[in-house]
Amino acid sequence: MSRLVVVSNRVAVPDDGPARAGGLAVALREALQENGGIWFGWSGKTAVRPAEEPAVTEAPPVTYATLDLSRCDHQEYYNGFANRTLWPLFHYRLDLADFNRQDYTGYLRVNTHFAEKLQPLLRATDDIWVHDYHLIPFASELRRLGVANRIGFFLHTPFPAMEVFLALPSHERLARSLCAYDVVGFQTMNDLRAFQDYIVHEQGGEFLGDNMLRAFGRTLRAEVYPIGIEVEAMQRTAAHAMQEPAVRRLIKHMGERRLMIGVDRLDYSKGIPERFRSFERFLEKFPSHQGSVSLMQIAPVSRGEVPEYKAIRSELEHLAGHINGVYGELDWMPIRYLNKGFPRETLTGFYRACRVGVVTPLRDGMNLVAKEYVASQNPHEPGVLVLSRFAGAARELDAAVLVNPFDHENVADALNRALAMSLEERTERWEAMMQKVHDSSLDKWRERFLSVLRAVPEGGYGAA
């Protein structure tokens, strides 16, 4: 069997345990263990100058190869174009997108540098799997170096509608780069349609049927591969998590009160300010819940040096203080706002203990918290998932209570409905969602993508 080469912005080196590395990292590591190969990417470290050669860690059958970035490269490639241009634009936040030519140049420079350092490590039979928006140009840079291997790409974020993507000054270059891959994977049919629309209607490409496209002198397969979670592991962890000290403390403190939970990285795409305002409207519209229902929002800080992230943190602190000041009592706070992360074992217990999971991003590629909340529930007493229709997960978890996160009235009504829902209805909805969660587990996602990549003919699908 061919070796697998995984390329991602960050590499989960062997020292990272499962809790630290996360479910995706564990799944990719398992694929590498099965096939042998290389995991290549940024080390997570910065230096005065970019690394000339990758640092290599051998853990047979896997080789971990990482590169340090210069501070300039980190600023322009990562903080700049990846997270101040592509991230907001792909999440439909054109008002926050910074179209900085210098950052774009740095983004291309780092992708070129990474490709040049990986190329000598490759064998002609390797299958290469590249991940996410940081590395869109990676395959085109490998092709420039003469690499003819099968190369697949998976986009973990949404892909924006054509009219939004056209706002990006470099849209044609990035689309051409995507077409340098043999297989391109998206989270949802909406994302795939947006990509197809752009290729066909803006670039004059051709849709060949059977998920095949022809454009920019290349033929490629573009398909939907909804990412999932480690279902059985999550269920086992949740069942044992009720004995975790933090979970027991939470349950004891809440007593007869009911708890809703939101777990998100601190990011403007997650709709947390809108969630707080909706919860305030819920308390105002349904006063019988005052004193008896709280929202626990866990939001660990990320990308704290980016101005937009500093701004949302300040906004949330102000909102939480305002709502708690207006509605709070001596022995009850409406919002329990925590700016820190928790181990997976603890989080699954929190999910299981909370009557309502509130997952209301303004836009999300998938949002695995929604699936984690469902998988963590007690089958005999499941909670209710309130889910944004703009999360990729809503395409599968249609038995959730679906909401428009921009409509505070709609979300407030949904929260009230979730609390009032009968056990029979809760169980019926949970069982339907669990079936979907099983059908798109992390292992099935990985194997489906790799089976399609390995089916690409030697030399690719051929030129247009």
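**A strand and its surroundings**

Tutor: A right-handed β-α-β unit is formed by β11, helix α11 (residues 272–285) and β12; right-handed means that, with the strands pointing away from the viewer, the path from the first strand over the helix to the second runs clockwise. The model is predicted, with local features needing pLDDT of at least 70 and side-chain atom pairs pLDDT 80 or more, while totals for chains, interfaces and linings use all residues. Residues are numbered from 1 along each chain as its sequence is written, and side-chain values use heavy atoms, without hydrogens and water. Helices (H or I, at least four residues) and strands (E, at least two) are DSSP runs numbered from the N terminus.

The strand to examine is β12, residues 293–298, in which six of six residues are buried (under 20% relative accessible area with a 1.4 Å probe, protein chains only). In a regular strand, side chains alternate between the two faces of the sheet. On one side of β12 lie V293, L295 and Q297, on the other S294, M296 and I298, and both faces are covered.

β12 has parallel partners, where pairing requires at least two DSSP bridges between strands. Strand β11 (residues 258–263) runs parallel to β12 and is joined to it by six bridges, with M260 opposite L295. Strand β13 (residues 335–338) also pairs with β12 in the parallel sense, over four bridges; here I298 has L338 as its bridge partner.

Elsewhere, ten strands make an open sheet of mixed pairing, in the order β3-β4-β2-β1-β5-β6-β7-β10-β9-β8. From one strand to the next the twist averages 25° (axes are lines fitted to C-alpha atoms, for helices over the stretch in contact, and angles run from 0 to 180 degrees between N-to-C directions).

Within that sheet, β2 (residues 37–47) and β4 (residues 62–70) run parallel and are joined by eight bridges, and F40 stands opposite A65 of β4. Helix α3 (residues 71–90) packs on the sheet, touching β1 (4–10), β2 and β4, where contact means heavy atoms within 4.5 Å. The direction of α3 makes about 95° with that of β4.

Notes: Buried < 20%, exposed > 50% of the residue type's maximum accessible area, 1.4 Å probe, protein only.
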